[in-house]
Amino acid sequence: MSATQAASDDVLLARIAGGDRLAMQVLYGRHHVRVFRFGLRLVRDEQVAEDLISEVFLDVWRQAGKFEGRSAVSTWLLAITRFKALSVLRRRKDAELEDEAANAIEDTADDPEVATQKKDKGEALRKCLTGLSQDHREIVDLVYYHEKSVEEVAEIVGIPENTVKTRLFYARKKLAELLKAAGVERGWP
């Protein structure tokens, strides 16, 4: 994100605080995809992620005047999204446990489509990412997919910067092990 866009996000937020609907539409248009993708990676359900977008931007509309500007607007949006997603996950913990038990049942038969997908490194990487813990996956997602700095990730997640660095180190190490186990060599074709 450019410095100009970050500054204009701050201006948009100030206008939203004053009740400017057009400013809200512009902010929504600029950030809704990022919020959706981040929410989807956390909750793993498209409908729930769509609901998160609505809740996040409703909060922005209501709380715009309380934004203190200590971080980028995009960082603030992702922090709100994370909080909302974790609340949803806490509410559906039982259903998630049932899904985890069902996913733990090993399917030994590979059809041709699955065999082809296993050769695709991008698919293998996405698959291996699900093998990381929630904490590690969240850090990797924010750093690599949302291009957030260690400082911004620490603010979004609410942990010290050194903890972010440590989690990122172990996440990379675990991901390398998972990729190696999946037969994926380092580097891209």
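R70 and E68 are both exposed, where exposed denotes over 50% relative accessible area, buried under 20%, and partly exposed the range in between (1.4 Å probe, protein chains only). These residues form a salt bridge, with the closest N and O atoms 3.1 Å apart; the term requires a side-chain nitrogen of Lys or Arg within 4 Å of a carboxyl oxygen of Asp or Glu. The structure is a predicted model, in which local features need pLDDT of at least 70 and side-chain atom pairs count only at pLDDT 80 or more, whereas totals for chains, interfaces and linings use all residues. Residues are numbered from 1 along each chain as its sequence is written, and side-chain values use heavy atoms, with hydrogens and water left out.

In total, 7 salt bridges are present in the structure. One of them joins D141 to R41 at 2.9 Å, N to O. This pair links distant parts of the chain, 100 residues apart: D141 lies in helix α8 (residues 134-145) and R41 in helix α2 (residues 21-43). Helices are DSSP runs (H or I, at least four residues), numbered from the N terminus. D141 counts as buried because its relative accessibility is 4%, while R41, at 31%, counts as partly exposed.

A further salt bridge connects R82 and E138, whose closest N and O atoms are 2.5 Å apart. R82 belongs to helix α4 and E138 to helix α8, 56 residues apart in the chain. Both residues are buried. Helix α4 itself (residues 73-91) is mostly covered, with 14 of its 19 residues buried.

Technical notes:
Helices (H or I, at least four residues) and strands (E, at least two) are DSSP runs, numbered from the N terminus.
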